[in-house]
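Open the model in your viewer and keep the selection tool ready. The tour moves from one selection to the next.

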Amino acid sequence: MPIKVQSDLPAKAILEEENIFIMDERRAMTQDIRPLEILILNLMPMKEETETQLLRALSNTPLQVDCTFLMMASHVSKNTSASHLNKFYVEFNDIKRRKYDGMIITGAPVENLEFEEVNYWSELSTIMEWTKTHVTSTLHICWGAQAGLYYHYGIPKYQREKKLSGIYNHKVLNRKVPMVRSMNDYFLAPHSRYTEVRRADILRHPELEILAESDEAGVFLVMSREGKQIFIQGHPEYDRMTLNNEYHRDLKKGLDPELPCNYYENNDPFSVPPLMWRNTANTLYANWLNFYVYQTTPYVLDEEA
């Protein structure tokens with residue numbers, strides 16, 4: 001997929017090195033095509049890393065995509081430079097009158113807090129309410145999925161006894177739903193979290209459907225029946241080394257983390273882990289863009305006065 005980004009976004013050079021087609025603004029202006037307008041609310045601390053991961057995951061359809069990165073005005077990022085944020089990100093007040101074909105709300109390292117204790121919860125709630133009228137389909141990832149299920153449906157999250165970290169096997173539950181089209185009956189995907197939402201709570205809402213789950217990791221993929229809100233309680237977009245970096249970071253902090261499950265060959269934390277979930281990520285994001293964004297969004301996105 002030709003992804004339109006600013007010419008000097010750091011992720012552009014990384015993805016071009018991987019032979020992923022990234023289109024800068026100058027070339028996009030020469031094409032008479034309306035790209036899909038995708039808004040990405042990046043709540044992760046290492047924002048440049050997450051930008052690369054998400055743009056890579058969006059790169060596997062022939063659709064042209066124009067990505068806009070959104071940050072919270074009510075929170076100061078400590079791990080990304082102000083110059084990067086000022087150059088490549090917008091705030092909600094800058095775009096709240098616009099409409100978008102799709103939106104992604106990422107995870108965030110705040111899951112041990114109650115939702116209302118998060119310092120940007122009020123602003124995030126405003127944005128999630130806004131998506132109901134201004135976004136064709138919104139994809140929520142990990143803590144973003146827990147936050148979305150809580151805000152839209154009142155579904156709580158629960159603290160786990162220990163952190164869930166690793167690559168887990170999942171089963172597709174309804175192959176007729178386009179979101180899981182072309183996926184295997186079973187697939188691998190990363191998880192990295194201290195909390196969870198539970199199957200029983202989701203099943204109390206007939207407007208929601210669980211599309212994939214794991215015996216070990218629990219619910220993975222949930223969707224509102226019409227596909228306007230989609231929730232992934234995992235990180236299919238993660239790079240090969242992301243769980244490794246998190247593990248060694250926690251070791252240095254003295255947190256005594258367990259080895260990520262099913263991740264390292266021979267459980268050697270100094271080996272290069274095999275990449276076993278890239279096809280899953282590509283298929284999920286391609287299905288979302290095709291069936292729940294491109295196929296349903298209006299051709300003209302009206303901008304409010």
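The stops below cover aromatic rings, charges over rings, salt bridges and one aspartate.

This is a predicted model: local features need pLDDT of at least 70, side-chain atom pairs count only at pLDDT 80 or more, and totals for chains, interfaces and linings use all residues. Residues are numbered from 1 along each chain as its sequence is written, and side-chain values use heavy atoms, with hydrogens and water left out.

**Stop 1: aromatic rings**

The structure holds 13 aromatic pairs. Rings of Phe, Tyr and Trp (its six-membered ring) pair if their centres lie within 6.5 Å; planes under 30 degrees apart count as stacked, over 60 as edge-to-face and the rest as tilted. Select tyrosine 120 and tryptophan 143. Their ring centres are 6.3 Å apart and the planes stand at 90°, so this pair is edge-to-face. Tyrosine 120 sits in the loop between β6 (100-105) and α6 (121-134), and tryptophan 143 is in helix α7 (residues 143-153), 23 residues apart. Helices (H or I, at least four residues) and strands (E, at least two) are DSSP runs, numbered from the N terminus.

With tryptophan 143 it forms another edge-to-face pair, 6.5 Å centre to centre and 75° between the planes. Tryptophan 121 and tryptophan 143 are both buried, meaning under 20% relative accessible area; exposed is over 50%, partly exposed in between (1.4 Å probe, protein chains only). Now show the whole cluster: Phe115, Tyr120, Trp121, Trp143 and Tyr150.

**Stop 2: charges over rings**

Stay on phenylalanine 115. The charged end of lysine 157 sits over its ring, 5.1 Å from the centre. The test: NZ of Lys or CZ of Arg within 6 Å of the ring centre and within 35 degrees of the ring normal. Next, select arginine 34, which lies over the face of tyrosine 299 at 5.8 Å from the ring centre.

**Stop 3: salt bridges**

A search of the whole structure finds 14 salt bridges, each a side-chain nitrogen of Lys or Arg within 4 Å of a carboxyl oxygen of Asp or Glu. Select glutamate 37 and arginine 98: they meet at 3.6 Å, N to O. Glutamate 37 is buried at 14%; arginine 98 is partly exposed at 28%.

Go to glutamate 213 and arginine 199, bridged at 2.8 Å, N to O.

**Stop 4: aspartate 201**

Which helix holds aspartate 201? Helix α8 (residues 199-203). Aspartate 201 is buried, with a relative accessible area of 10%.
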